[in-house]
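Hi,

Here is the model I promised to pass on.

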Amino acid sequence: MSKLFRIIIILALIAFATWGLSYTYLWYFKYSDKDRELANLTAEQLVSYPEDVREKIKEMKALRSRIINLGLDLQGGIYMVLEPDLEKLKEKMGSAELSQEDIKDAIRRVIEILRSRIDKFGVSEPTIAIQGEDRIVVELPGSKDPDRAKTVVMSSGVLEFKLVDEETTAKLRRDMFDEDGNLIDNSIIPEGSELAYLWVKNKYDVLVRQRAVVLYKDVLLDGSYLKRAQVQTDQFGKPEVIFSLSAEGAKKFARITEANVGKRLAIVFDGKILSMPVIRERIPGGQVRITGSFTMKEAQDLALVLRAGAFPVPLQIAEQRIIGPSLGRDTIKAGVKAALIAAIAVVVFMIIYYKLSGIIADISLALNMYLLLGALAWLNFTLTLPGIAGMILTIGMAVDANVIIFERIKEELRSGKTIMASIQAGYEKAFRTILDSNMTTLIATFVLSQFGSGPIKGFAVTLSIGIVINMFTSIFVTKLLYFIGIDWFKVKKLSI
Amino acid sequence: MKFVHRLRLVSYRRFTYILSSLIIIAGMVNIALHHGLKMGIDFAGGNIIQVEIKEQISISEVRNVLISTGYGNNVQRIEDPTKRIFLLKTRAFERDNDKVIEDIKNALFEHFGREKVVIQKVDIVGPRISRYLLRTSYIIGVVALVLILLYTSFRFRFRFGVTAIVALIHDVLIVVSFISFFGLEMDTFILAAILTIIGYSLNDTIVVFDRARENLKSAKAYEQYEYTMNHSVNQSLSRTLITSLTTLMVIIVLYIFGGPTMRGFAFALIVGVIAGTYSSIFIATSLVVDWHKLKPEKIKKV
């Protein structure tokens, strides 16, 4: 192969990698946080923006699909594996055995609702996927407030209207409850009634049970009659959720309010009483307002969950990893610092030990890392800390091929061959060794990459791509550099 | 590194066999005494909250908060000179692990005040997931070993393949022993480290065996079997040492600067690389030599 041809191949690869990385560069270094936020906007939110901004949003979204993204551990976020609570589903369906079809159907509904909630919530690159038979994996990278996102995802979304059992409630006394606020003797609650709690925020902003209330079990109206939900502020600036009922719901609600004037109606969401206003008069028209102990954001989230509807089956968290954004930043810093120090240490060592040939190995190492990043960009890869660890390990192992070659060349030189012949023989003899020794690591990392979707996969993928590129740069590129040195610069003595 | 050509490395094998056996036996005994390796949250299941408290408080204060919730008393402090970061751990419950986390969080908020408590990380691994991860890990380990065994026996003569695998198992056992000596918890990161070591260890051994294959060309080379093998180790010695050195450099950097998540992973790699280097120099070829003494290898035509 002529030198020129080799140079063209290498330059083409560099250009290709640069092309791939240019998007990543633009995304992280040319655009501001505000621009990047635009890519998180949902289709629904998009409508309210003017035409030119919408174009920009589309552009940002397209850009994001071409870059190296940061994983949960690096930018914070949520990873959750959810399982349907099949016991509860059985109860609900009133059957002892569930058919495959029932479960599948429930899962499908759950995913629909999850998607609708998450889409409205707006996070970058959410993933919702089925794992195995009945597990649902939800990934929300980069959510600024993971706690809030989690509440939106996990809320069962069940809204119910129930009347307060005033008679029994009046009988409740403090000494009937234990330290945790649970009723000691349940016999006081009559058939057809149940105990519930009014939840309010304490001074730490933590939602706590304020007091016990007895409700009639009958659900007068539930969230399924709901048509729209939106947030407003009342005259005191307090947020409230206003929703409209469907025609049927409105009729029903009018009847209920008419029949129960003067009584308290509890608005129960996810089993917690949000508020219990007194019904003053018949309410026609199907406009209902919910006030409660919530902030503006929480009111918005409540409206969002109400719009998306309730899960057909409660969910259990099988696995959950929440990483706060500050921890992610610290992790990136640590990872980048480790990578830089590792690279410098190896580069310096190679120059000290192999002199000019060490520089050749370093050039190939730099090229190796650059092409690796380029490949990751083209794959729209999500970089995690283990991914960075894979790269760091690549730095350490990448010089191996060159070490094998250099040691061979030294041997050949010692046996009295000319520079050119030694280089030729060195590369030839080292090739098989390099191939064999890299194959085993490749097999191990390949198997490892089949390990689920977790961070381990990121490690395995970066390491494998790193190794493949390494075989190219450490053999093909360094050989070219030697020949350039000998032919063009008339090097007579090998510095190795 | 010319001097190394005179080293009679293979002749130290009585000593190295004993050394390796001692470490591995001690490791296995230690594991048995502790009823197996300590399993981290990935494989045992559990709940962890990593929290930073922005106040001068002691670990026992945090522990008391956890005790007050009734979920045990497992609190650790993460080494950090400037911040007070704690890990609060509980076992995994069959259901509603989410509620456990909420309870603990609320207890922390109430005790220290919401603005002083920064929740950095929350991990929940339920019992079904941990069983699933454990099972997958076994499968992954076995599949990797079988594939590598197939590859080595395809590429090398039978004896070399078998000894390479023995050296590899030796390395993994040493790593596992050290994990137990230092009381590290097995998690998916350490599993990844072990699989990487499997690849790396073989890589090292293969380079030496490649040389041996090249040197075993004449009848004379077979007659002086021990000398030939020793010569092969010596020829690849500088490469083995340099590569191990550069790899070790980067892993040590990772250990020091990579943050707490990477520490166990880097530690396992450090032990693994050292063990892999040592075994490819002292164990793998020595075994081939002993095998030849027991049952001489037939001369192969090249």
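Below is what turned up in chains A and B.

First, the ground rules. This is a predicted model, with local features needing pLDDT of at least 70 and side-chain atom pairs counting only at pLDDT 80 or more, while totals for chains, interfaces and linings use all residues. Residues are numbered from 1 along each chain as its sequence is written, and chains are lettered from A and ligands numbered from 1 in the order in which they are written.

Chain B has 11 helices and 4 strands (DSSP runs numbered from the N terminus: H or I of at least four residues for helices, E of at least two for strands). Its C-alpha atoms fill a box of roughly 80 × 40 × 30 Å along the principal axes.

Still in chain B, the axes of helix 1 (residues 13-33) and helix 6 (residues 158-181) come within 8 Å and cross at roughly 50°. Axes here are lines fitted to C-alpha atoms over the stretch in contact, with angles from 0 to 180 degrees between N-to-C directions.

In chain A, the domain assignment (automatic or from a database) gives domain 1 (31-67), domain 2 (77-156 + 311-323), domain 3 (159-308) and domain 4 (325-488). The centres of domain 1 and domain 3 of chain A, over C-alpha atoms, are 38 Å apart.

Cheers
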